[in-house]
Amino acid sequence: MCLEREEMDLREDGLKRYLESIFDGTITDIQIQKLGEGCVGTGFALNFKVNGKTQKKILKTLFTSNLGMDHFSDRAGSLLLAHSHYSKIPNHIASSDVCGVTKEGEVISVGEAHEFFILMEEAQGKDLFTDFQRIAKTNVLTNEDRKRILQLSDFLVQLHQDKPTENQESLYKRCLRNVIGGNTSIMSIIDMYPKDVKWISKEEINQLLQASIHFWSTHRFTQKRLCHTHGDFHPGNIWFRDEKNFTLLDRSGQTYGEAADDLTAFSINFIFYSLKERGEFSGAAKEGFDLFWNNYLSKTNDTELVNLAPPFFALRAMVVANPIFYSDDFFGSTENAHKIRRSLFNFALQMVQDGKCKLDQIETYF
């Protein structure tokens with residue numbers, strides 16, 4: 001058995017020695033199954049026995065290109081940070097370790113490593129992607145939907161109350177800088193677009209980036225806003241185990257950031273699926289969007305938030321418009337795909353140029 005990933009093989013004997021070094025017992029019956037690929041990495045189910053008792057963990061490794069992961073040290077840094085701060089947020093799955101893999105497939109300490117994995121607990125439940133699609137398609141927001149939306153909005157209300165006491169200015173500047181030109185940013189997402197994009201021009205991309213840089217210049221000293229964030233609060237990273245209990249996955253970036261990052265990562269999906277299923281942002285999807293935002297704003301009284309949301313919304317819009325993540329077939333036809341992506345780009349550009357997120361006029365940005 002070996003796990004192949006580009007130039008790397010993960011040898012079973014090396015994995016066995018590694019597991020025996022962190023679990024107290026004899027390791028047998030190792031099995032690895034690929035679970036799938038996300039935007040930045042690949043996940044594997046790792047089944048094995050410790051002294052005859054079955055264990056299941058998840059191995060995740062990152063892609064070797066795009067989104068600032070080109071060098072092995074980039075991937076190491078990302079996974080080490082993830083291991084460090086998964087435990088710092090309520091409801092998040094636990095990370096057991098970060099391990100390195102040599103070119104020969106040995107699993108070792110980090111110093112001589114050629115590639116890296118994070119070893120973590122398995123999440124239970126179901127993500128929210130199908131819920132967003134159902135809400136938009138049926139144009140119905142159920143009572144259970146409303147409860148979950150409010151629960152997640154309340155979760156962010158509580159999470160964002162945690163403020164750092166040190167290094168606020170530097171971390172906040174980094175947060176705003178990263179959304180425009182960092183590893184997972186407007187620039188890095190656009191860099192992943194095909195060269196022959198038909199629905200936006202080079203000039204329009206430049207307009208978006210110029211407006212984003214102006215935003216960064218205007219707001220980078222607003223360090224008092226720095227707060228504890230998840231960093232990738234989208235439906236694939238939120239798994240409900242039952243009606244009330246949920247688990248979080250894959251928090252990204254730094255521990256502290258801008259609250260708008262989490263709110264836009266979640267709420268862009270109301271917009272995206274409404275455009276896909278209905279050709280407009282309206283009905284139950286808009287009701288869910290408004291419920292999520294209005295609950296948060298009423299409980300935090302964060303009047304500045306709408307002024308900080310534009311580049312974060314722009315980033316998320318460019319993510320869901322990226323053909324690498326959602327092919328033309330996802331939208332039913334190439335013509336429809338181009339139309340929806342164009343609407344998402346209009347949304348991103350006009351909001352950043354406006355310098356404010358007008359929540360009661362969202363539909364005008366398309």
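Is the crossing of helix 8 and helix 11 left-handed or right-handed? Keep that one in mind while you read; here are my notes on this predicted model.

1. Let's start with the whole chain. You can count 11 helices and 12 strands in it. Its radius of gyration is 21 Å, close to the 21 Å that the globule rule gives for 366 residues, so the chain is as compact as a globular protein of that length.

2. Of the 366 residues, 52% count as buried.

3. Two packed helices are described by the angle between their axes and the distance between the axes. For helix 8 (residues 259-278) and helix 11 (residues 334-354), the angle is about 145 degrees and the axes are 10 Å apart. The crossing is right-handed.

4. Which residues in helix 8 and helix 11 meet? From helix 8 come Ile 268, Ile 271, Phe 272, Leu 275 and Lys 276, and from helix 11 come Asn 336, Ile 340, Ser 343, Leu 344 and Phe 347. Sorted by class, this contact has 7 nonpolar, 2 polar and 1 charged residues.

5. Asn 139 has a positive phi of about 60 degrees although it is not a glycine. You'll find Asn 139 in the loop between helix 3 (129-138) and helix 4 (143-159). With a relative accessible area of 32%, Asn 139 is partly exposed.

6. The other one is Asn 301, not a glycine either, with a positive phi of about 50 degrees. Asn 301 sits in the loop between helix 9 (283-300) and helix 10 (305-320). Is Asn 301 buried or exposed? Its relative accessibility is 60%, so Asn 301 counts as exposed.

7. Last stop: Thr 222, in the loop between helix 7 (202-219) and strand 9 (227-228). Thr 222 counts as buried because its relative accessibility is 13%, and buried means under 20%. Leaving aside residues up to four places away in sequence, Thr 222 touches Tyr 172 and Glu 304.

Note on methods:
Residues are numbered from 1 along each chain as its sequence is written. This is a predicted model: local features need pLDDT of at least 70, side-chain atom pairs count only at pLDDT 80 or more; totals for chains, interfaces and linings use all residues. Side-chain values use heavy atoms; hydrogens and water are left out. Axes are lines fitted to C-alpha atoms, for helices over the stretch in contact, and angles run from 0 to 180 degrees between N-to-C directions. Helices (H or I, at least four residues) and strands (E, at least two) are DSSP runs, numbered from the N terminus. A crossing is left-handed if the near helix is turned anticlockwise from the far one by less than a right angle, and right-handed if clockwise. Contact means heavy atoms within 4.5 Å. Ala, Val, Leu, Ile, Met, Phe, Trp, Tyr, Cys and Pro count as nonpolar, Asp, Glu, Lys and Arg as charged, and the others, Gly among them, as polar. The radius of gyration is taken over C-alpha atoms; the globule rule is 2.2 Å times the number of residues to the power 0.38. Buried means under 20% relative accessible area, exposed over 50%, partly exposed in between (1.4 Å probe, protein chains only).
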